[in-house]
Amino acid sequence: MSVEGRARPVTAPGLRRLKEKGRRIVALTAYDALFARLQDQAGVDLILVGDSVGMVYGGRSDTLAVTVEQMVYHTACVRRGVERALVVTDMPFLSVQGDPHEAIKACGRMLAEGGAQAVKVEGCAAVEETIRRVVDCGIPVMGHLGLVPQSIHRLGGYGQRGRSGDEAARLLEDAHRLEAAGCFSLVLEKVEPDLAGRITRELAIPTIGIGSGPDCDGQVLVNADMLGLYEEIQPAFVRRFAELAGQVRGAVGAYADAVREGRFPGPGEL
Ligand code: KIV
């Protein structure tokens, strides 16, 4: 707590201290001020403005069409709702894989225009050098390994990663390379759980798991998944802590009935 009694804002270096203290990190995605505010008030440590926005709110079947411009917009919306949590923005497909100068500018926009405090970048080999340069410019970078949705067409599906010896060895090596490149944290998505545990033990930076078992330093979920709002894809690793889709349909149906039957507005609802 700060002197005023308000919870101290979470920082990128602060996440590492949580790992050192053995305190698990709570992360959730958000894309707008409304949910970001509720999640921040509920004590979430890290809010990820994920490019999953393209699927969950954009209705697409993958994340590939999301643009830098859209991520700046969603980040600025989230930022306005958050006081304590660390706001991290996903860098969209192909926004950081080309000219490093353009990559730095795109990452910088997330902080300067969107108000993010860090960016997240998928993969390793194609972005490792750029990550070094982005970090050198003062922008904290979170890595993302395992099932990297922007490479869905190369991977061929949403299955677990790191099951074969070769792939496990490569993921372990990539995790160390991303730490050496300066990442402050690493998302491990659908990584075989024993491997995720090993990566977590070997790295000094915190790992945030999604579908990678209990041995990561923290967990992240898509907010609409864990709230039971997104019904199109329901992965086995998602626990639904609420069933809001049914509640929304129920409430909207009740409103529609009340309007049609002349019961809304009633006396006093003027
Ligand atoms: O885009 C996203 O929401 C993500 C998380 C699922 C880790 O990358």
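User: Which pocket does the ligand take up here?
Analyst: In this predicted model, the space that the ligand takes is the largest pocket.

User: OK, and which residues are around the ligand?
Analyst: The residues around the ligand are Thr29, Leu48, Gly50, Asp51, Ser52, Asp90, Lys120, His144, Val187, Ile210 and Val222.

User: How many of that shell are nonpolar, polar or charged?
Analyst: Sorted by class, the shell around the ligand holds four nonpolar residues and four polar ones, together with three charged residues.

User: What about Ser52, how far is its polar side-chain atom from the ligand?
Analyst: A polar atom in the side chain of Ser52 lies 2.5 Å from an oxygen atom of the ligand. Asp51 also has a side-chain N or O atom facing this comparison, at 3.0 Å from an oxygen atom of the ligand, and for Asp90 the distance from a polar side-chain atom to a ligand oxygen is 3.0 Å.

User: And how much of the ligand does the protein bury?
Analyst: The ligand taken alone exposes 250 Å², and the protein buries 96% of that area.

User: Switching topic: how many salt bridges are there?
Analyst: The count comes to 17 salt bridges, and one of them joins Arg16 to Glu20, where the closest N and O atoms are 3.9 Å apart.

User: Where do Arg16 and Glu20 lie?
Analyst: Both residues lie in helix α1, which covers residues 12-21, and Arg16 and Glu20 are four residues apart there, about one turn of the helix.

Note on methods
Residues are numbered from 1 along each chain as its sequence is written. This is a predicted model: local features need pLDDT of at least 70, side-chain atom pairs count only at pLDDT 80 or more; totals for chains, interfaces and linings use all residues. Side-chain values use heavy atoms; hydrogens and water are left out. A residue is near a molecule or strand if one of its heavy atoms lies within 4 Å of it. A polar contact is a pair of N or O atoms within 3.5 Å; within protein, one must be able to donate a hydrogen and the other to accept it, and residues adjacent in sequence count only if both atoms are side-chain atoms. Accessible areas come from the Shrake-Rupley method with a 1.4 Å probe; for residues, only the protein chains shown count as cover. On a 1 Å grid over the protein atoms alone, a cavity is a set of points where a 1.4 Å probe fits but cannot get out, and a pocket is an open set with protein on both sides within 12 Å along at least five of seven lines; lining residues have an atom within 4 Å of a point. A molecule sits in a cavity or pocket if more than half of its atoms lie within 2 Å of its grid points. Ala, Val, Leu, Ile, Met, Phe, Trp, Tyr, Cys and Pro count as nonpolar, Asp, Glu, Lys and Arg as charged, and the others, Gly among them, as polar. A salt bridge is a side-chain nitrogen of Lys or Arg within 4 Å of a carboxyl oxygen of Asp or Glu. Helices (H or I, at least four residues) and strands (E, at least two) are DSSP runs, numbered from the N terminus.
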